[in-house]
Amino acid sequence: MRFILFVSILTFFGSFNVYAQEFAYEYWHEGKMVLESGDTIKGKVKYNMQTDLLQLEADKRIETFTSRKVVFFEIFDGTVKRYRQFY
């Protein structure tokens, strides 16, 4: 009897899926950047608005840019399934 009760309780609580909230800045997104120099670079983009830093992964290299060096960047945000543009 105790075993059946234990299995029932375990099944009940195990049926709930727990998802953590996803934030777009925690992931790499396909996108592009336009730099202050006028260059456009495409690759995987990761951004952090709190530190004002952008990272770009292209050709197996990761480059970091401050917000002062980037005029514009665009990503495809997989968390909401749409394009986002930042100026």
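A nonpolar core is a set of buried Ala, Val, Leu, Ile, Met, Phe, Trp, Tyr and Cys residues joined through side-chain atoms within 4.5 Å. Buried here means under 20% relative accessible area, with exposed over 50% and partly exposed in between (1.4 Å probe, protein chains only). The model you are looking at is predicted, so local features need pLDDT of at least 70 and side-chain atom pairs count only at pLDDT 80 or more, while totals for chains, interfaces and linings use all residues. Residues are numbered from 1 along each chain as its sequence is written, and side-chain values use heavy atoms, leaving out hydrogens and water.

Let's start with the overall layout. Six strands form an open sheet in the order E4-E3-E2-E1-E5-E6, with antiparallel pairing. Strands are DSSP runs (E, at least two residues) numbered from the N terminus, and two strands pair if DSSP finds at least two bridges between them. Strand E4 (61-66) and E6 stand at the edges with a single partner strand each, so one side of each has no neighbour in the sheet. From one strand to the next, the twist averages 35°, an angle between N-to-C directions of axes, which are lines fitted to C-alpha atoms, on a scale from 0 to 180 degrees.

Now follow strand E1 (residues 29-35). E1 pairs with E2 in the antiparallel sense over six bridges, and Gly-31 stands opposite Gly-43 in E2. In the hairpin of these two strands, which has four residues between them, Gly-38 takes a positive phi near 100°. In a regular strand the side chains alternate between the two faces of the sheet. E1 has a covered face of His-29, Gly-31, Met-33 and Leu-35, and an uncovered one of Glu-30, Lys-32 and Val-34.

Next comes strand E5 (residues 70-77). Six of its eight residues are buried, so E5 is largely enclosed by the rest of the structure. E1 and E5 pair in the antiparallel sense over five bridges; the partner of Gly-31 is Ile-75, and that of Met-33 is Phe-73. Five bridges also join E5 to strand E6 (residues 82-86), where Asp-77 stands opposite Arg-82.

Which residues make up the largest nonpolar core? Its 12 residues are Met-33, Leu-35, Ile-41, Val-45, Tyr-47, Leu-54, Leu-56, Phe-65, Val-70, Phe-73, Ile-75 and Phe-86. The elements giving two or more residues to this core are E1, strand E2 (40-48), strand E3 (53-58) and E5. Not counting residues up to four places away in sequence, Phe-73 touches (heavy atoms within 4.5 Å) several residues, among them Met-33, Val-45, Tyr-47, Leu-54 and Phe-86.
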